[in-house]
Each structure stands twice: as structure tokens, then as C-alpha cells.
Amino acid sequence: MRLFYSIGIYLASSIIKVLALFNRKLKIGVVGRKQTFIRLADSVKPSDKVFWFHCASLGEYEQGLPVFKALKTKYPNYKIVLSFFSPSGYEVRKNTDLADTVVYLPLDTKANANRFLDLVHPDYIIFVKYEIWPNFLLEMKKRRLKAILISAVFRENQSFFKWYGSLMRAALTAFDHIFVQDENSKTLLQQINYHKTTISGDTRFDRVLSQLNQDNAVRFIENFIDGKTCIVFGSTWPKDDALFMNFINRNNDENLKFIIAPHDLKANYITAIKSQLNDSTISYSDRHEDEKLAKAKVFILDTIGYLNKVYSYAQIAYVGGAAGTTGLHNVLEPAVFGIPVIIGKNYDKFPEAKSLVKLGGITSVASAVEFEFAISELLSNKPKLRKQGAINSDFIAKNRGAVVQIVDYIRI
């Protein structure tokens, strides 16, 4: 099985190189992976003590970040190698001061795994959530390296639990311990005779709670809102836009302002958003023009790095991704500020969203009509708005503590 898998990886590598000629994101990854071994050889010495943190993309990085920070503080003499599989993670965090070096994870061949591990020689390895690469993991196990998987979520339709999943099941045994988010994940692992598990919950709860202790002030946002009620649409996609654009365009309330933070920052998409809006609009590039800021009805946050803070100014938030199939974005980021959250209909794979919909802190809508009804009710019913917000903040507070469990487990 491992042989066939490895052959598949080599074939995929060749195909990706061809497709990269026509796809910018793939090209960035191909070019970046060529630098991995060079960067590691330049930055990691044989005598160094090393943590290796691996994340698929930016979302997993944010999930692991509170653990990474805690370990960096607890073990200041250790170097940190941070790897990403996806360009969307690497390109955003390649200069983070958390790590001593940030690299792309090479494709999962046995040769790449051995070369990578020879250069990094990690004393401890932490993978986040979903990343199961059999060749890397089996080489880690062969070397008896210490490794854990954190914030993991398993579902019965995954290959680990199918008749053909023997290689993936074997790869899981490279982890000394798996910290899962929920009871269902633990039960599924027990069914394949993996018992070294702890239900620690989701580290993102600790991550978003730390946001409350940071300075969330953003001057240009304050100037834009100008003391009025603000609704933030975060990490939105075109199918999300279809739910709320008519509401924005038909709304005549002078005491209401809107912030749209699209997930895709390509110029043609930003232009498409602007073309759909009837009201006066201003974007991030014009943020220094205070007079325009105060007069504008809609602010397009066409940049990265501000959304976490911007949610602190909202009375209501809409979180994108669930109107289509791109995947729901982080609902905990606005919820931690004690405000109601609205999402699309496709949220079944996101346990925190399912819990909060059931509790009543999040409202799921399937159409523009449902969106308008939900948001109009919140705007006109302040007690309901406050109640839903309190449900969200209480839920997050009750689910904190994953980081402490994980860090306490690690012994070096």
C-alpha cells in the first residue's frame, strides 16, 4: 500500500509542475518548495534543540498559535521550525517572529521525509488538526521521534475508518498522543484501536479569548463608524454577497454602517463588490481621507491583518463561507466579543457552529429573504441581540483550557 501511495505522490508531483505553469497559486508552492532544504540547511545547526510545528494552512496555524506561543515561552532555548503545506498559510506567515525559520513542507515522499528530518532533527513535533502524511509520519515513527496531533477532528467518512485505510491508520500511530476536539473523534479512534487520546477541545477558544486582552483599536475604523451601529461581513465569498447585498442597498438608516472584509482580495473581485453597491463606499486604500471615511456607508476591508480587531466594533457579524461550499470561516473570532453571528446554511462540518446554532447564538440563513428577516429582527430587538451575544461569549469562556492540557502533556 505504501509503495502505491508513494508512486501516486511522484505522479502528482509531475502533474502539479505542469499545472503550475497555468496556476499562480500552484506555481508559488512549487517554487517555494525548491527553497525548503536550502533554508533548513542555512538556519538549523546539528547542535540546535528544535521544535517542529506543522500546519496545513493559515487556519491551522491560528489554531495552533496559542500552543506554539506557550512552548516558545516555556522553552526559550529551542529553535522553532514552522512548516506549511499551502501557500495561503506560508505566504501570510513566512515572516512571523514566532519561528526561527518558516518553510514549505516538501511533497510526501520517503526521500523528502528523510532529508527533511535529517536537517531539522526535531526534539518534538506538533501537527495541527488534519495533516496526516504517511511517509513523513512513518519515518518519524521509525526514528522514535516525539510527536503529537492537536485540535484534531475525525469523521467516519475519512479513510482511517475504511477498509482501504490501512496506510493512514498506520501513520496515526506515529503520534504519541492525539488531542481531539470532541467525543465522537475519540470514539472513532478507539474503534481502530487507537487509545492514546484526550478530549481537550479546540485551541481556537484560547486563541480568540486572548484577543480580548489585546489592543483592538483601529483608528480608521473608528473614524468610519463615527459612533454609529456597525455590521461586519467577514471572510465573504460571492455566494455570501448574494445573501446580504440587497439588504445593504435598500437600507436607508443613517445610523447604520457596513464593513465588508472579502476572503478573496483579487482586484477583479473587489471591483465586482463595489459594482454591486449603491451606497457611498470607501476601501482600505482610501482610509487616510477622514472626511470620506465619515461620510461613507460601506467600508471594504480589502487587506489582511485587521479583521480580528474590526469584529470588536461590530454589533452584529456575518461570517462567510457557509453560503457556498468553500467552508465556513472562524465564527469564534466575532463571537468572543459577545455579539450575534449570522452564517449560511452549510455548516455541518463545523462543530462550534453547530453547537452555537443549537444554543441560539448563531443564526443560519439559506436565502437573502431569511438573512434580511434575521438581521432586521436583531436590529429592532435589542434584548434579543444582547441575549444572543451573551450566549456566544459564554460558550467560548466555558470551552477554554485546551492549551494548558496540551502544554502540560509535553515533556522534553
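How many strands does the open sheet have, and in what order do they lie? The open sheet has seven strands, arranged in the order E3-E2-E1-E4-E5-E6-E7 with parallel pairing. Helices (H or I, at least four residues) and strands (E, at least two) are DSSP runs numbered from the N terminus, and two strands pair if DSSP finds at least two bridges between them. The model is predicted, so local features need pLDDT of at least 70 and side-chain atom pairs count only at pLDDT 80 or more, while totals for chains, interfaces and linings use all residues. Residues are numbered from 1 along each chain as its sequence is written, and side-chain values use heavy atoms, with hydrogens and water left out.

Contact here means heavy atoms within 4.5 Å.

Strand E1 (residues 50-55) is mostly covered, with six of its six residues buried, where buried means under 20% relative accessible area, exposed over 50% and partly exposed in between (1.4 Å probe, protein chains only). Both faces of E1 are covered: Val50, Trp52 and His54 lie on one side, and Phe51, Phe53 and Cys55 on the other. E1 runs parallel to strand E2 (residues 79-84), to which six bridges join it. Within E2, Phe84 is the bridge partner of Cys55. Towards E7, strand E6 (residues 177-180) pairs with E7 in the parallel sense over three bridges, and Phe179 stands opposite Thr198 in E7.

The helices come next. Two packed helices are described by the angle between their axes and the distance between the axes. Helix H3 (residues 36-43) and helix H6 (residues 110-120) pack at about 20°, with their axes 9 Å apart. H3 and H6 are therefore roughly parallel to each other; angles under 35 degrees count as roughly parallel, over 145 as roughly antiparallel, 65 to 115 as roughly perpendicular and the rest as oblique. The contact brings together Thr36, Phe37, Leu40 and Ala41 of H3 and Asn112, Arg115, Phe116, Leu119 and Val120 of H6. By class, it comprises six nonpolar, two polar and one charged residues, with Ala, Val, Leu, Ile, Met, Phe, Trp, Tyr, Cys and Pro counted as nonpolar, Asp, Glu, Lys and Arg as charged, and the others, Gly among them, as polar.

Finally, Phe161 is found in the loop between strand E5 (147-152) and helix H8 (166-172). Phe161 is buried, with a relative accessible area of 19%. Not counting residues up to four places away in sequence, Phe161 touches Phe154, Arg155, Glu156, Arg169, Leu188, Leu189 and Ile192.

Conventions: Axes are lines fitted to C-alpha atoms, for helices over the stretch in contact, and angles run from 0 to 180 degrees between N-to-C directions.
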